[in-house]
Amino acid sequence: MKKRFFLFITLAFAFHHATGAGPSSPGNKIIFPSNPTDHFRSVQTGDWGSISTWESSPDNTTWSAATLTPTSAASTIRIRNTHTVTISSNQDMDEGTIESGGILFHSAGTLTVNDGTGDDIIVLSGGIFTLASNSNGPVFSGTASANINTGGMLRLSASGLTNAGAGVHAANFVYQHASVLEYTLNLAFSSSGVTYFPNVDAVTIPIFRITGNVGLIGGALPMVINGLFEANGSITFTNAGTKTFRNGITGTGNIGHDGTSGKFIINGTTGSLGGSGTLTLPAGGMDVGSNTTLTMVSDKSITGNIALLANALVVLGTHNLTMTGDVTGGSVTSHVITNGSGKLFYNNVVALSRIFPIGANSTTINPVSIANGSGLNYGARVEIGINPSIRFPIAAVNRTWIVRPSGNPVGAVNVNFFYNNTAGNALFMYAPVTVEQGFYTGVWNVINTGLIQFGGPTNFQVTTTVSSFAANTDAPMVLGNIPAILQAGNGLQLSAQKQQERVLLSWTVLNASWVDRFVAERSADGRNYSTMAELTGQGFTDMQPMPGLNYYRIKAVDKDGGISYSNVAVVLNAASGFELIGMAPNPVINGRFNLNISAAQKTMIEIVIMDMQGRRVDQQRVDMSAGFNTVAVHVAGLAKGTYQVYGVTGDGRSRVLRFVVQ
C-alpha cells in the first residue's frame, strides 16, 4: 500500500508538471488535473480556448489553475469582474454566468449554448455579453436561454442580428426589467415590421440603447420597441411605418425624420421622456396612448405636436417640457401634470391663442391660454391652493397659475384662465358675479377687476390682458371675487430699516382694536414665508437676517379669526448695493406709481425712465435710507405707452422694470 500510494503521488505530480499548471497559492501544494465537469472561472483576461484564462475547482471552493478549457460539461462557468473572455473559435457552454464587470466577447467561431437546468447564460447587473461576429449569434440548443438580468447588457457590435424574430429577438434571449440591449454600430438596424423585445410583458421595461449615428431607420411596416428607447447617437426615421417606443424616449442623441416617417407612439402603461438630445417629430406628431402615464426624467425640447389620447398624462415634476408645437387632447383625465416646479413651455407665441392643457394632479385640469405674446416663449404651470395667500382665499378660485415669459412682451398679452365649478373655495361665487385678477410681484396687486366669468354651469373661463410680465420671471396669478385679493382699507403698513446687522420692523394699523395678534414673517424668495414671532405690539427686530434679500410681512389675525397682510418690505442684507424690488400699480393709470427699493446702506439713487427706443424721458434723485424704501414717481407728463425704469448709484445700475402708462 505504501509503494502504490507513493507511485500515485509521483505520477500525479509528473503529469501536473508536464501540463505546465501550477498551484493557485505558494507552497508545496499538490494540484490534480481539471475534470471536464469541474467548476470553472476566469482568472484573467484572455481567449476562451486558452487554459491560462481559467482556473477550476471540483467543489466550487478550492481553486487551482485549469488544465482544461470549459465546455458545456462544466458544472458552472463564471466570467469574473475586470476579465474579458473572448470566443474566437468554436466553443460550447452551459451554466455560464457573466458577473458584474465581466465581459464575454464573441468575435468569431460558433458558440453553442446547450440546454441545461435553468438559464444557460446569465448576465448579471454590470456584466456584458458582446456579440461581435456578423450574422453569427449564439446557437441555442432547444430551449436554451441567455437571461439578461436587470442592469445586465447584451451588447450588439455585429450586423445581421436584428431581423424580425431572429438574432437578438429570438425567444432564447430573456430580457429582464431595466436590462440593456446596446447597439454600437454606425449602421442601420432592422426596423420595418420588427419588434424589439417581443416576449416581454407589460411591466417589464428593457432598454434599447444606440451609441452611434445610425442614419435612416424605418420602412413601410411598423417598428415597435417594447421598452425604453435610449438614443445616444443621432438617428433619422423614414418611411410610412409608425414607430412605437412603448415606454418612452431618452438619451443624448438627436432624433429626427426625413419628412416621410409615420407618427411616433408611446403607449405603455408607464413611460419616460427626457435626455439632452432634441426630438423632432414627424408630420403626424407623437401620440401618448390611452391609459399611458409619461414621466419626465429631465428637461426636454420637442419640435412638433403631441396628441394626448384617452387617459393620457404627462408628469413634469421638476422638469420643463419645451414645445415648438402644441399639446392637444387636453381633458380632465388627459393633460400635463404640473406637480412640481416644471413648466410646459410653448415657443414663439404670437397672435394666435395657444392652450396649455395643464393640471396640478391626475384628476384636475386648469388650462391657461396665451395670445399676442410678441413671439416670445412662455412657460406655464398651475398649483392647487393660493400661494402666497391672499386676504380672503375662501372667496377665490383655489388655484395659482404661474406664467413665465422669455422676454419682455411688447404691449398687453392676452391670458385666459379655465376652471370648473369645483375649483372655487367655499365662498367663491361663480357667474354672473364678476372677479378680479391678482398678480404677484413680491406683494399681491389687483391688475384687472370686474372680469366676466364666461360659461357655466360646469366650466368657466375668464379673459384678461396682462401688461406687467417681466423677462424670465415667474408671474403667479389668481382669480377671486371682489375684494378677496386685497383688503380694502385695512391700513396695515409695514416699514423695515437696516441698523448695523439687524433689521427693525415697525407697522401701523388704522384700528388696532380688531386685531388679536400680529405675526412677523420672513422669506428668502418672496413666496415661502416662515413665522419669526407672534406679537401683540407693533414692532419687532430681526437679530439675524439672512444674507442677501430678506422679504418681511406682517400678518394680522382678527379677533374673529380673519387674516390680513401688510405690504411686503424687502431688506438687502449686504455691505453695499441696492435692488429695485417692484412697482405698483402697473399699468399706471393716474400718473404716478410707487417704486420699492431696498438699499444696503444710506445712499442717493438716480431714478431713470426711458422709452422703448432707449431715450431718457425723465429722471430724479432721491435719498435712500438703509432698508426698505418706497418712492413716489410722477409720470403724468408721459404719453401713453410702454417705458422702462431703473436706478443708478456709485455702486452700479439696477435691473430694469417695464411699465405701461394708460
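I started with the pairing rule for rings: Phe, Tyr and Trp (its six-membered ring) pair if their centres lie within 6.5 Å, with planes under 30 degrees apart called stacked, over 60 edge-to-face and the rest tilted. By this rule I get 26 aromatic pairs.

Before going further, a note on what I'm looking at: this is a predicted model, where local features need pLDDT of at least 70 and side-chain atom pairs count only at pLDDT 80 or more, while totals for chains, interfaces and linings use all residues. Residues are numbered from 1 along each chain as its sequence is written, and side-chain values use heavy atoms, with hydrogens and water left out.

Entry: F140 and F173.
I looked up this pair and found it edge-to-face, at 5.3 Å centre to centre and 85 degrees between the planes. F140 belongs to strand β13 (residues 139-140) and F173 to strand β16 (residues 173-175), so I'd call these distant parts of the chain, 33 residues apart. F140 and F173 are both buried, meaning under 20% relative accessible area with a 1.4 Å probe, protein chains only.

Entry: F245 and F264.
Why is this pair edge-to-face? Because the ring centres of F245 and F264 are 5.4 Å apart and the planes stand at 85 degrees. F245 is in strand β24 (residues 243-245) and F264 in strand β27 (residues 264-266), so the pair ties together parts that are 19 residues apart in sequence. I checked burial as well: F245 counts as buried at 0% relative accessibility, and F264 is buried with a relative accessible area of 0%. Both rings also turn up in a cluster linked by ring pairs, along with Y183, F189, Y196, F208, F229 and F237.

Entry: charges over rings.
My rule here was NZ of Lys or CZ of Arg within 6 Å of the ring centre and within 35 degrees of the ring normal. R41 has its charged end over the ring of W63, 4.1 Å from the centre. R653 lies over the face of Y646, 3.8 Å from the ring centre.

Entry: strand β43.
How many residues of β43 are buried? I count six of seven in this strand (residues 399-405). Two strands pair if DSSP finds at least two bridges between them. Strand β42 (residues 376-384) pairs with β43 in the antiparallel sense over seven bridges, and Y378 has P405 in β43 as its bridge partner. Strand β49 (residues 475-481) also runs antiparallel to β43, joined by three bridges; there W401 stands opposite M477 in β49.

Technical notes
Buried means under 20% relative accessible area, exposed over 50%, partly exposed in between (1.4 Å probe, protein chains only). Helices (H or I, at least four residues) and strands (E, at least two) are DSSP runs, numbered from the N terminus.
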